[in-house]
Amino acid sequence: MRFVYAFFIKTYLTVMKMKNWPPTALLGLILLITIVLITAIGPLLIPNDPYMANMAERLSSPSLTYPFGTDHMGRCIFSRIVIGSQATLGITVLVITTVILIGIPIGLVSGYIGGRVDSIVMRLADGLIALPEFILAIAIAGFLGPSLTNLMISVVLVKWISYTRVVRGIVLSEREKEYVLAARVGGCTTWRIITRHLLPQIISPVLVLATLDVGKIILIISSLSYLGLGAQPPAPEWGAMLSDGRPYFQTFPELMIYPGMAIFIVVLSCNLIGEGLRDKLGEKSI
Amino acid sequence: MLQVEKVSKSYRSTSVLTEVTFQMEQGESLGLIGESGSGKSTMAKLIVGLEHLDGGQITLNGLDFQQLRGAELRKARRHVQVVFQDPWASLNPKLPVWKSIIEPLENYPDVVPSFLKGVRNDKRKMAEILLEKVGLDRDFLERYPHQLSGGQRQRVGIARGIGLQPNLLICDEPTSSLDVSIQAQILNLLKELKKEFNMSYLFISHDMASVQYMCDRIAVFKQGVLVDLFLSKDLFSDTRHPYTKMLVQATVER
């Protein structure tokens, strides 16, 4: 539990030092906070039931009742985007947490203890990295069958490796430093060296990597949903909405523009924050 | 107390140490001197069991570190501590000074050094006493390494080294990355501590003057071979190895 606390305290402290952040990162932060707030109180905001089809009103233009108009089934696009953010952001947060919880321990053990564990993990990593992660995610998700759970599993399976690599790289360079040798001479157990001396060194690079990755993960999730491998109709999800709007692209581009804009804004804000953090924490290598 | 017998070590095909043999008595200080790459620091790592040797035997108080594994090795290490060369790298940058100092004491809860009797359960008090021993006051407890000067950091490193009151303190070029004025202070501090705790020093350096000032005996390494071993007072004797004479000459000329 201590590491989880450390992670949050680090995040908190970083946010507290924001006043000398670059304005782009602040903009990203404000955007993201707004989106998260909208997601949280979404059910109170929406004017219509996002699932309710009304064929009489299908493909209507924006109006007071339907702020963004309606889709091919006559459902309110605005309501669907607001509710759909829960799926997209929720899955992203779950995926990134799982990836960190898997990637960090494996990287620490692989880097510090080395030997056979390290060889196996790194050969696996080389194998995974040889394939584009997106193609691999499609393959795994397709193999497991279309559902949100399988989508998450496939993204976790392709993503953990980059965290393991970053953590392992840091550990390899840190473990030869004299303070780690001093800790060994001073009688620290392997567990203590890993948790007390090595873990704090990797928190900030992992934080940066994670924020930069949020954007990518949202894109993968939306893309897989677009391909029909993620959220299943009629559940609102941004990628799935894009997919639904495709047949009407030429006549009613709004069906694709609104969910596309939603994805764009979230990805943009995460990348802005990630780059700000990277510069602030001095993690040039990521 | 320390026996080093016919120790050899090589990294891949490069031989770093070849059949090195020497002994040390309790309370004695021995200087290891030689150029960079002559195997001095490897010798130190072998003695504390941070590296494995290829041939020979090292025993400390009758314990062979190379034979020990896991918990036993950890237990044996309390008798030997190290002060490292680079005070910028030897302290964890994310820990306040006092936590670094008492870390060995936390790891060996059953060791009670004479000067820490009565406060053994009070971590901050122990750190304060140790800081005092190395000439730093309690204001330094909460500071982080980046807030200290090189000399202050090395004092912290020494405080950590003496905390367990080890039989043997290995000083791996403790002054080579410090300013000349600070070097003398650190050497004097080490000398006082030695007198106070009756520790043995294995003092590694490439500076002949500081070795001669610190040590009872001097061992000269050349490319992994122990070429000369003598009492400090015999440094200028005619019977010295030609390489030793050359090192002395180089020091004098400088």
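Predicted model: local features only at pLDDT ≥ 70, side-chain atom pairs only at ≥ 80, totals over all residues.

Student: Why is Leu247(B) called buried?

Tutor: The cut-off is 20 or more other C-beta atoms within 10 Å. Leu247(B) has 23 within that distance, so it is buried.

Student: Which residues is Leu247(B) in contact with, leaving aside its neighbours within four places in sequence?

Tutor: They are Ile33(B), Met208(B) and Val220(B). To be in contact, two residues need C-beta atoms within 7 Å.

Student: What does helix H8 of chain B lie across?

Tutor: Helix H8 (residues 242-253) lies across strands E3 (29-33), E9 (217-222) and E10 of chain B, at about 100° to E9(B). Those strands belong to an open sheet of 6, in the order E6-E7-E8-E3-E9-E10, with mixed pairing.

Student: What makes E6 and E10 of chain B the edge strands?

Tutor: Strand E6 (80-83) and strand E10 (225-231) each pair on one side only. From one strand to the next, the twist averages 20°.

Student: How do you know that E7 and E8 of chain B pair?

Tutor: Pairing requires at least two bridges. Strand E7 (residues 168-172) and strand E8 (residues 200-205) of chain B are joined by 5 bridges and run parallel, so by that cut-off they pair. As for individual residues, Cys171(B) has Phe203(B) in E8(B) as its bridge partner.

Student: Where does strand E2 of chain B belong?

Tutor: E2 is in an open sheet of 4 strands, ordered E2-E1-E4-E5 in chain B, with antiparallel pairing. Strand E2 (14-24) and strand E5 (63-64) are its edge strands. E2(B) and strand E1 (residues 2-11) pair over 7 bridges in the antiparallel sense, and Val7(B) stands opposite Val20(B) in E2(B). Helix H1 (residues 40-47) of chain B lies across E1, E2 and strand E4 (55-60), at about 65° to E2(B).

Student: How do you know that the radius of gyration of chain B agrees with a compact globule?

Tutor: For 254 residues, the globule rule gives a value near 18 Å; chain B has 18 Å, so the two agree. Buried residues are 41% of the 254 in this chain. Of the contacts in chain B between residues at least 6 apart in sequence, 67% join residues at least 24 apart.

Student: In chain A, how do H6 and H7 cross?

Tutor: The axes of helix H6 (residues 133-144) and helix H7 (residues 148-174) of chain A come within 8 Å and cross at roughly 145°. The crossing of H6(A) and H7(A) is right-handed. Residues of H6(A) that meet H7(A) include Leu136(A) and Ile140(A); among those in H7(A) are Leu151(A) and Val155(A). The contact divides into 10 nonpolar, 2 polar and 1 charged.

Student: How many residues of chain A and chain B are in contact?

Tutor: 14 residues of chain A are in contact with 19 of chain B. On the chain A side, helix H8 (178-185) and helix H9 (190-226) each give two or more residues. H8(A) gives the most, with 7 residues. The chain A side divides into 7 nonpolar, 4 polar and 3 charged residues.

Key:
Residues numbered from 1 in each chain as written. Chains lettered and ligands numbered in written order. Axes fitted to C-alpha atoms, helices over the stretch in contact; angles between N-to-C directions. Nonpolar A, V, L, I, M, F, W, Y, C, P; charged D, E, K, R; others polar. Rg over C-alpha atoms; globule rule 2.2 N^0.38 Å. Buried ≥ 20, exposed ≤ 12 C-beta atoms within 10 Å, placed from the backbone. Left-handed = near helix turned anticlockwise from the far one by under 90°.
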